[in-house]
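Hi there,

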Amino acid sequence: MAEAAQGRVQAAVESAVQGLERERIRAMQGAMFRCSARCCEDAAASMQEVQRCIERCHAPLARAQAIVTAELEHFQDRLSRCSLQCSDQAKDALDSGGSEPRVRGQLDACLATCGEQHLRLVPAMAKKMRDGLASIQQ
């Protein structure tokens, strides 16, 4: 049961990130490469000027990747904390004399609940990433 919830969360997160990649990030990558190519076409520029130009071209995509990474890390941290709480409750139940099969069932149910709760958070996380990406100036 917990594995199924974990699979649904993972699929939802992957789907959200793939959607963002298609909607926004891919266009940013294209713009970055076109901009970088223009930097290299300036025969009068020094090597340092070309390098600074290329770095400026890469900055929006780097900010986009930082936004996505930070949101995914925050989401993963929350999910991990929920899972750790379930593990702590299971350990406490075992220490209090609970039977292993019963505690394992409670742990599984708790982990499934964590998964379902976090599954409902994926659309808001995707919106936050989308809004963050929209705010980046090209």
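R63 is partly exposed, because its relative accessibility is 41% (buried means under 20% relative accessible area, exposed over 50%, and partly exposed in between, with a 1.4 Å probe and protein chains only). You will find R63 in helix α2, residues 47–95 (helices are DSSP runs of H or I with at least four residues, strands are runs of E with at least two, and both are numbered from the N terminus). Leaving out residues up to four places away in sequence, R63 touches I136 and Q137 (contact means heavy atoms within 4.5 Å). F33 is 30 residues from R63 along the chain, and their C-alpha atoms are 16 Å apart.

Before you go further, please note that this is a predicted model, in which local features need pLDDT of at least 70 and side-chain atom pairs count only at pLDDT 80 or more, while totals for chains, interfaces and linings use all residues. Residues are numbered from 1 along each chain as its sequence is written, and side-chain values use heavy atoms, with hydrogens and water left out.

Next, H118. This residue sits in helix α3, residues 100–119, and H118 is buried, with a relative accessible area of 5%. Apart from neighbours within four places in sequence, H118 is in contact with F75, R78, L79 and C82. For L79 there is one more detail: its backbone nitrogen is 3.5 Å from a polar atom of the H118 side chain.

Now to helix α1, residues 2–41. Its 40 residues reach 55 Å from first C-alpha to last, close to the 58 Å expected at 1.5 Å a residue (the expected span is 1.5 Å times one less than the number of residues). Where does α1 bend? The bend is at E21 and comes to about 45° (the angle between axes fitted to the seven residues ending there and the seven starting there).

Finally, the whole protein. There are 4 helices and 0 strands. The radius of gyration is 22 Å, well over the 14 Å that the globule rule gives for 138 residues, so the protein is more spread out than a compact globule (the radius is taken over C-alpha atoms, and the rule is 2.2 Å times the number of residues to the power 0.38). Along its principal axes, the C-alpha trace spans about 80 × 25 × 20 Å. Of the 138 residues, 31% are buried. Among contacts with a separation of 6 or more, 79% are between residues 24 or more positions apart.

Best wishes

Terms used: Polar contact = N/O pair within 3.5 Å; in protein donor to acceptor, adjacent residues only side chain to side chain.
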